[in-house]
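User: I am new to reading protein models. Please take one part of this one, the open sheet and what surrounds it, and walk me through it closely.

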Amino acid sequence: MLPEILLAATVPDFLRQPLEAAYQVCELANPSENVRAIVPLGGTQLSTAQLAAFPKLEIISVMGVGYDGVPVAWCKERGIRVTNTPDVLTDDVADIAVALVLMTSRRLVESNRFLHASQWIGGAFRLAHALHGKVAGILGLGRIGKAIAQRLEAHGMKIAYHGRSPQNVPWSYFDDLKALAAASDFLIIACPGGPETLGLVNADVLAALGPKGTLINIARGSVVDEKALITALEAGTIRNAGLDVFEDEPRVPASLLACERAVLLPHVGSATHETRRAMAQLVIDNLAAHFAGRELLTPVV
Ligand code: NAP
């Protein structure tokens with residue numbers, strides 16, 4: 001009898017097919033109570049009430065590095081293992097952060113729109129802002145945060161960061177997020193989502209970032225008070241924002257969609273063929289290790 005696995009989200013065929021070949025696979029619409037493993041995506045929310053319906057659950061293998069949708073402490077108490085897919089997506093996500101920095105600073109979206117609208121013939125596009133010499137303040141200097149820092153240093157930017165503690169890196173540490181925002185031209189969010197960071201970037205932090213400041217978020221929408229962000233963008237109390245993630249994805253507030261100061265991407269940080277396949281392989285390998293009684297490759301708990 002093959003172990004039963006629940007797909008808690010729509011997963012790509014290159015994950016679904018190998019799982020269907022190795023396990024008995026069911027979906028949220030018709031779950032089996034004999035499920036021993038669950039496969040969610042990074043953004044999938046799983047409540048303890050939902051999970052309690054699976055008394056035989058042994059492992060949750062998240063296809064994503066962020067596991068803020070999984071009640072990890074509850075799982076740990078019950079001996080349910082949790083895995084994620086770190087490292088393999090770091091470069092792609094850092095590239096998207098840099099792309100958002102360039103798109104906002106150099107007004108690339110606006111200038112593209114300007115030319116498509118045949119406005120060039122009427123005069124040159126307005127000037128934008130240089131990156132070199134500017135300060136990139138990184139909230140959450142982990143795997144992705146460091147990869148962003150290295151890339152932006154190559155663009156001539158100065159790097160500062162905030163996290164719960166200083167690290168052995170050559171960049172300036174701020175123990176206070178508001179102070180980091182005040183010192184930054186770009187505040188770049190790269191910390192995990194979840195209750196600990198909920199609304200961390202609030203109206204006060206945005207006010208500290210100021211009218212010459214840009215907010216970049218490639219982490220989780222929950223880290224930002226989205227209403228306060230929209231207010232700041234509409235009032236011009238920050239210059240602009242580059243966002244890959246939102247509070248209630250894939251629903252994005254109409255006021256944000258209409259906002260000229262915001263560059264918006266549909267959560268594409270890790271969305272390349274190469275990286276998504278590597279993430280899928282890690283899910284497959286973690287599950288195979290678990291059911292063979294071997295050590296997990298990338299355990300969270
Ligand atoms: P990571 O290596 O665990 O780094 C997270 C960093 O955040 C750590 O350095 C940690 O530093 C800091 N941090 C944790 N809690 C914090 C808090 N309360 N306040 C301030 N800083 C805090 O994770 P990663 O691999 O870089 O991934 C980061 C996040 O990116 C993921 O959790 C995920 O949500 C997001 N992500 C988004 C996409 C996308 O498609 N847009 C793709 C992948 C990942 P300290 O321990 O020193 O505080």
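Analyst: Start with a term: contact means heavy atoms within 4.5 Å. Keep it in mind for the helices below. Note too that this is a predicted model.

Now the sheet. It is open and has 5 strands, in the order S2-S1-S3-S4-S5, with parallel pairing. Strand S2 covers 24-27 and strand S5 covers 81-83; both stand at the edges. Each has a single partner strand, so one side of each is left without a neighbour in the sheet. From one strand to the next, the twist averages 25 degrees.

What holds such strands side by side? Strands of a sheet pair through backbone hydrogen bonds, either parallel or antiparallel. Strand S4, residues 59-61, pairs with S5 in the parallel sense over 3 bridges. Within this pair, Ile60 stands opposite Val82 of S5.

Next, the helices. Helix H1 spans residues 13-22. It lies across strand S1 (4-7), S2 and strand S3 (35-39). Its direction is about 130 degrees to S2. Helix H11 takes residues 273-291 and lies across S1, S3, S4 and S5. H11 runs at about 165 degrees to S4.

Step back to the whole chain. It is divided into domain 1, with 4-88 + 272-291, and domain 2, with 90-264. The centres of the two domains, taken over C-alpha atoms, are 31 Å apart. To the contact, domain 1 gives 10 residues and domain 2 gives 6 residues. About 620 Å² is buried between domain 1 and domain 2, and carbon and sulfur atoms give 40% of that area. Three residues stand out on the domain 1 side: Val65, Asp68 and Asp87 supply 60% of the area that domain 1 buries against domain 2, more than any other three residues.

For comparison, visit strand S6, residues 135-139. All 5 of its 5 residues are buried. In a regular strand the side chains alternate between the two faces of the sheet. Both faces of S6 are covered, with Val135, Gly137 and Leu139 on one side and Ala136 and Ile138 on the other.

S6 has parallel partners. It pairs with strand S7 (residues 158-162) over 5 bridges, and Gly137 stands opposite Ala160 in S7. Another 4 bridges join S6 to strand S9, residues 186-189. There, Ile138 has Ile188 as its bridge partner. Finally, S6, helix H6 (residues 143-154) and S7 make a right-handed β-α-β unit.

Key:
Residues numbered from 1 in each chain as written. Predicted model: local features only at pLDDT ≥ 70, side-chain atom pairs only at ≥ 80, totals over all residues. Heavy atoms only, no water. Pairing = 2+ DSSP bridges. Helix = DSSP H or I, 4+ residues; strand = E, 2+ residues; numbered from the N terminus. Axes fitted to C-alpha atoms, helices over the stretch in contact; angles between N-to-C directions. Buried < 20%, exposed > 50% of the residue type's maximum accessible area, 1.4 Å probe, protein only. Right-handed = clockwise from strand over helix to strand, strands pointing away. Domains from an automatic or database assignment. Buried area = accessible area lost by both parts, 1.4 Å probe.
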